Structures are given as structure tokens and as C-alpha cells.
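Please look over the model below.

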Amino acid sequence: MNPLSMTIFFTSLTVGTIVTMSSNHWLTAWIGLEINTLALLPLMTKTPHPRAIEAATKYFLTQAAASALMLFLCLINALQAGEWDINIPTNLVTNLLPIAIMMKLGLAPLHFWLPEVLQGVSLSTGLILSTWQKVPPMVLLFQISHSINLDLLVILSLASILVGGWGGIGQTQLRKIMAFSSIGHLGWIILVLKFSPQLSLFSFVLYIIMTTAMFLSLITLSSTKMSQVATSWTKNPMLTTTTMLILLSLAGLPPLTGFLPKLLITLELIKQNMVIFASLAMLMSLLALFFYLRLTYIITLTIPPNTHSSLTSWRTSTKPYLASSVVNVMALMLLPLAPTIIFM
């Protein structure tokens with residue numbers, strides 16, 4: 001793609017995100033979301049492949065439906081409340097507006113578009129879709145968290161955790177596995193949104209770090225399927241080991257970074273006398289742990305056929321991977337720094 005076009009699209013993504021994050025007006029927040037959506041569509045179709053066109057079409061239709069519902073509810077809110085302030089939603093908007101925002105995020109049961117769209121785009125575009133595009137809707141959820149129905153949040157979060165674990169078990173495509181991983185992690189994040197928005201924000205930041213590290217590792221290894229990542233040991237043993245640890249971090253195993261948000265969220269739920277929901281969330285997370293461990297086993301504990309006799313492949317890359325290295329370390333080593341980070 002033309003560098004000028006790429007600059008325009010990424011600038012539009014940045015502008016749309018900043019507009020939504022800084023707005024206190026429903027109409028400007030909606031405009032920021034639309035700028036974000038329209039800027040991502042050309043990036044999704046930069047590869048002239050039928051799957052990419054199909055993914056972009058599904059993404060556009062889903063986001064258009066969610067935006068139409070959101071705009072309709074914002075108009076009702078302005079009609080009833082007499083103003084467009086985000087912090088003053090009415091009863092109807094309180095119940096339905098989070099559903100429109102969660103449809104943009106891809107939370108269950110409105111998740112069906114996310115695995116198919118993520119599978120049809122490249123890894124770099126999938127990275128943007130899994131991290132950057134989640135920021136504006138999550139900011140809106142944080143702003144209206146005090147008025148969201150608790151029962152709605154609990155039901156959708158537990159459904160997302162269940163779907164995120166169950167849907168990823170039979171997958172062999174890494175992008176679909178990351179899509180179901182995203183659904184499960186966002187379920188954990190919104191589970192505690194009503195009680196502690198700060199903890200939800202902290203967990204969301206850690207989710208972005210871990211997901212970015214995983215996608216950058218897959219981009220470096222040029223792997224989109226299990227069969228490809230299973231033979232990556234001879235190409236880059238150190239990065240393959242790091243990828244295994246990032247998978248375990250996504251699964252939430254100590255002493256890695258991914259254990260931190262699940263521990264803090266579980267403690268907060270116990271503090272709020274929601275032991276049953278905390279127990280259900282932890283039991284449902286075992287499904288996700290299964291496919292993470294299976295992928296870890298395939299990457300590091302199996303010997304692929306036709307393995308090179310040398311330790312590394314004869315054609316090695318000389319590119320510096322500074323960004324990937326920094327994000328990988330953050331995705332693995334933030335747990336010991338947790339008290340300092342939380343205090344800050």
C-alpha cells in the first residue's frame with residue numbers, strides 16, 4: 001500500500017480514538033467511532049484476497065448495525081434528558097446502550113463476527129483489530145459503568161468467558177484462537193467493571209500488552225496455523241520459547257503477568273460477596289487453559305517432521321526486533337512489579 005495512504009489511515013485511526021476518548025458528548029463519541037471504523041476498512045482490504053474482502057464486509061455490516069443502534073439510543077437519550085451528556089443516560093439507554101457497545105467489542109452473545117473477521121485479515125491488521133479498536137468502545141463503557149445494569153454485565157461477562165474457552169478448543173487457526181482469547185479476556189474485564197472501573201482499566205491495559213506480544217511474535221515467526229508454529233523451533237528457538245511463555249501468561253498461570261488481572265478480579269468479586277460468580281468464572285477459564293496448554297505443547301514439546309539437524313535455520317533474519325522484545329518482557333515480567341504499578 002502507498003505510504004501516503006497508510007499515513008492517512010493511521011492518522012484517522014488516531015484521530016478517531018482521541019475524539020472518542022476525549023468527548024463528553026454522545027454525538028462526538030459516535031463520530032469518533034465511525035472515523036475509526038472507516039479508517040480500518042482499507043487496512044483490512046489492502047491484501048486483494050476474497051477472504052479479506054469478506055472479512056471487511058462482515059466487519060462493516062456489524063459495526064454499522066451497532067453504530068445505528070447506538071445513534072438511535074443517543075437520540076432517545078437526548079430527547080428524554082434534554083442534553084447529550086454521556087454521564088446522564090436514561091433507563092432505556094442504560095439497558096440497551098451497553099449492548100450496542102459490546103457488539104462493537106465482540107462480546108458474547110454478539111461475538112460471531114469477530115473470529116471470522118480476524119481469520120480473514122493479516123496478522124498486522126488483526127493486531128490493530130484486537131487491541132487498538134477495542135480502546136474507544138471500552139472508554140465509553142468505563143464512562144457509563146456507574147449506570148449499567150449489574151445483572152446484564154454479569155450475564156454477558158460469564159457468557160463471554162464460556163464462549164472464549166469453549167470456542168477455542170477445536171481451532172487450529174491461530175488468529176481464531178486469538179479471537180476467542182480476546183472474547184474471554186474481555187469477559188473478565190467487564191465482570192468487575194461495575195465494582196471497580198480502575199481495576200477493569202488496569203486489566204484492559206495488561207490484556208493489550210499480552211495480546212500485542214503474542215501477535216508480534218506470530219508476525220516475526222510468520223505463523224498463522226498450528227502446523228506452522230509447530231516447526232518454528234529451528235527458525236528461532238528463543239522467540240519460540242518466549243511465545244510459549246506468552247501463551248501461558250494469556251492462560252493466567254503464575255508467576256507470569258496474566259495471573260495478575262485474574263487474581264485481582266477474583267479478590268474484588270470475593271470482597272463484593274460474589275463468590276459464586278468468581279467460582280464460575282474460574283471454572284470456565286479452565287476451558288481456555290486447555291487450548292493454551294495444547295498450543296504450548298505443540299510449540300515446544302513435539303518434534304516436527306523434517307527437522308533441521310542444525311540448531312537454527314540456515315537462513316536467519318538480521319532485523320532488530322526491539323519493539324517485540326520490549327512488549328514480550330512486559331507480557332511476562334510485570335507480576336513482580338504489581339504492587340508498584342497498582343500504587344501508581
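**Pocket lining and aromatic pairs**

The lining of the second largest pocket is made up of eight nonpolar residues, three polar ones and one charged one. The model is a predicted one. The volume of this second largest pocket is about 230 Å³. Its lining consists of Trp 188, Ala 251, Gly 252, Leu 253, Phe 259, Lys 262, Leu 263, Thr 266, Met 282, Ser 285, Leu 286 and Leu 289. Two elements, α13 (259–271) and α14 (275–300), each give two or more residues to the lining of the second largest pocket. Lys counts as charged, so Lys 262 is the charged residue in the list.

The aromatic side chains come next. How many aromatic pairs does the structure hold? There are four. One of them joins Tyr 59 and Trp 113, with 5.7 Å from centre to centre and 55° between the planes, and is tilted. This pair links distant parts of the chain: Tyr 59 belongs to helix α3 (residues 50–81) and Trp 113 to helix α5 (residues 113–120), 54 residues apart. Both Tyr 59 and Trp 113 are buried.

Phe 204 and Tyr 207 form another aromatic pair, this one stacked, at 6.1 Å centre to centre and with 25° between the planes. The angle is what makes the pair stacked, because planes under 30 degrees apart count as such. Phe 204 and Tyr 207 are separated by about one helical turn, because they are three residues apart in helix α10 (residues 197–221). Are these two residues buried or exposed? Phe 204 is buried, as is Tyr 207.

Definitions and conventions. Residues are numbered from 1 along each chain as its sequence is written. This is a predicted model: local features need pLDDT of at least 70, side-chain atom pairs count only at pLDDT 80 or more; totals for chains, interfaces and linings use all residues. Side-chain values use heavy atoms; hydrogens and water are left out. Rings of Phe, Tyr and Trp (its six-membered ring) pair if their centres lie within 6.5 Å; planes under 30 degrees apart count as stacked, over 60 as edge-to-face and the rest as tilted. Helices (H or I, at least four residues) and strands (E, at least two) are DSSP runs, numbered from the N terminus. Buried means under 20% relative accessible area, exposed over 50%, partly exposed in between (1.4 Å probe, protein chains only). On a 1 Å grid over the protein atoms alone, a cavity is a set of points where a 1.4 Å probe fits but cannot get out, and a pocket is an open set with protein on both sides within 12 Å along at least five of seven lines; lining residues have an atom within 4 Å of a point. Grid points are joined across faces, edges and corners, and a volume is the space filled by probe spheres set on the points.
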